[in-house]
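Hi,

Here is the structure I said I would send over. Have a look at it first, and then read on for my notes.

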Amino acid sequence: MRDDEIRQMAVEFGNAVRLAKDSGFDCVEIHAGHGYLISQFLSPYTNGEIAVVVKTNMRDGFKSGNDLPEGIVIAQELERLGVDALVLSGGFVSKAPMYVMRGSMPIQAMTHYMDCWWLKYGVRYGGGQLMIKNEPYKDLYFLDDALEVRRNVKLPLIYVGGCVSRSGIEKVLHSGFHAVQMARALVNEPDFVNRMAQGEERCGCDHTNYCIARMYSIDMKCHQHCTDLPKSIENEIEKIKRRNAQ
């Protein structure tokens, strides 16, 4: 199948589910066995040229969502289905967006880059901080949960969440994980891995989340690499840095 055919097939699966729902059915079954299409994607016999790694939640991060026991069951089922590795994460974009990233969302920065005027002012002055709940940051913030998953599955696991120091990454790799993922650390220092190899202990990311605030409107860029920030955004960043230091 060509790439465009694969994308269209995913759309058609969604259309089929919508058709069943609109027709009054209470349930649909996704057939991923018996060597049919999805099964072919999962089987190394027919699709063995590339590893399949799945990012999955350990916790959704809000009261009525999945919690760690459900996250472990999902991880075990994915292991049974034969995926090559799991990336253990958490959070829910519409309910607990900062659970995955931790810290505060810079509302001034986020709204500064929005094109839609009513959304810009609605979020800035209409309770953006209430909609996007702050979550305390600490290094390796998912590690305790990830270790619990590690005790319940045998397949390779990839850790993500607060990997900003050489000692922290070594701690993860010595705790039974096969690799780590980093995002904000590399936005701050794209050559951080090479610099760790040369002896650097910690990247310069200060977890103000300016990079996150702008990524849906323009590009993802660390405020430390910007020279033309408005004063209101600079003040907001300093306020968040003081809060993080408390």
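Predicted model: local features only at pLDDT ≥ 70, side-chain atom pairs only at ≥ 80, totals over all residues.

Below is what I found, going from the whole chain down to single residues.

**The chain as a whole**

The chain has 246 residues, and 37% of them count as buried. Its secondary structure comes to 14 helices and four strands. Along the principal axes, the C-alpha atoms fill a box of roughly 60 × 50 × 40 Å. The chain exposes about 15,100 Å², with carbon and sulfur atoms supplying 55% of that area. If you take the contacts with a separation of 6 or more, 61% of them are between residues 24 or more positions apart.

**The strands**

I would start with strand β2. On one side of β2 you have strand β1 (residues 53-59) as a pairing partner: six bridges join β1 to β2 (residues 85-90), and the two run parallel.

Leucine 88 is a handy residue for finding your way here. Threonine 56 stands opposite leucine 88 in β2, and in β3 the bridge partner of leucine 88 is tyrosine 159.

How much of β2 is buried? Six of its six residues are. In a regular strand the side chains alternate between the two faces of the sheet. For β2, both faces are covered: Ala85, Val87 and Ser89 are buried on one side, and Leu86, Leu88 and Gly90 are buried on the other.

Met1, Ile6, Met9, Phe13, Val17, Val28, Ile30 and Phe41 make a nonpolar surface patch of about 640 Å². Helix α1 (residues 3-22) gives the largest share of the patch, with four residues. Methionine 9 is one of the patch residues and sits in helix α1.

**Salt bridges**

Side chains of opposite charge can pair when their charged atoms come close. A search of the whole structure turns up 14 salt bridges.

- Aspartate 4 and arginine 2 meet at 3.0 Å. Aspartate 4 is partly exposed, at 38% relative accessibility.
- Arginine 151 and glutamate 148 meet at 2.8 Å. Arginine 151 is exposed, with a relative accessible area of 59%, whereas glutamate 148 is partly exposed at 28%.
- Aspartate 219 and arginine 214 meet at 2.3 Å. Aspartate 219 is partly exposed at 40% relative accessibility, but arginine 214 is buried at 7%.

For arginine 214, the reasoning is simple: buried means under 20% relative accessible area, so a value of 7% puts this residue in that class.

There is also a salt-bridge network, which links Glu189, Asp191, Arg195 and Glu200.

**Two residues with positive phi**

Arginine 102 has a positive phi of about 70° although it is not a glycine. You will find arginine 102 in the loop between α5 (98-101) and α6 (107-112).

The other is histidine 207, also not a glycine, with a positive phi of about 60°. Histidine 207 lies in the loop between α12 (192-197) and α13 (210-214).

Are these two residues buried or exposed? Arginine 102 is buried, with a relative accessible area of 9%, and histidine 207 is buried as well, at 9%.

That is what I have for now. Happy to go through any of it with you.

Cheers

Notes
Residues numbered from 1 in each chain as written. Heavy atoms only, no water. Patch = residues over 30% accessible without salt bridge, like charges linked within 9 Å, V, L, I, M, F, W, Y side chains within 5 Å. Areas by Shrake-Rupley, 256 points an atom, 1.4 Å probe, with all protein chains shown as cover. Salt bridge = Lys/Arg side-chain N within 4 Å of Asp/Glu carboxyl O. Buried < 20%, exposed > 50% of the residue type's maximum accessible area, 1.4 Å probe, protein only. Pairing = 2+ DSSP bridges. Contact = heavy atoms within 4.5 Å.
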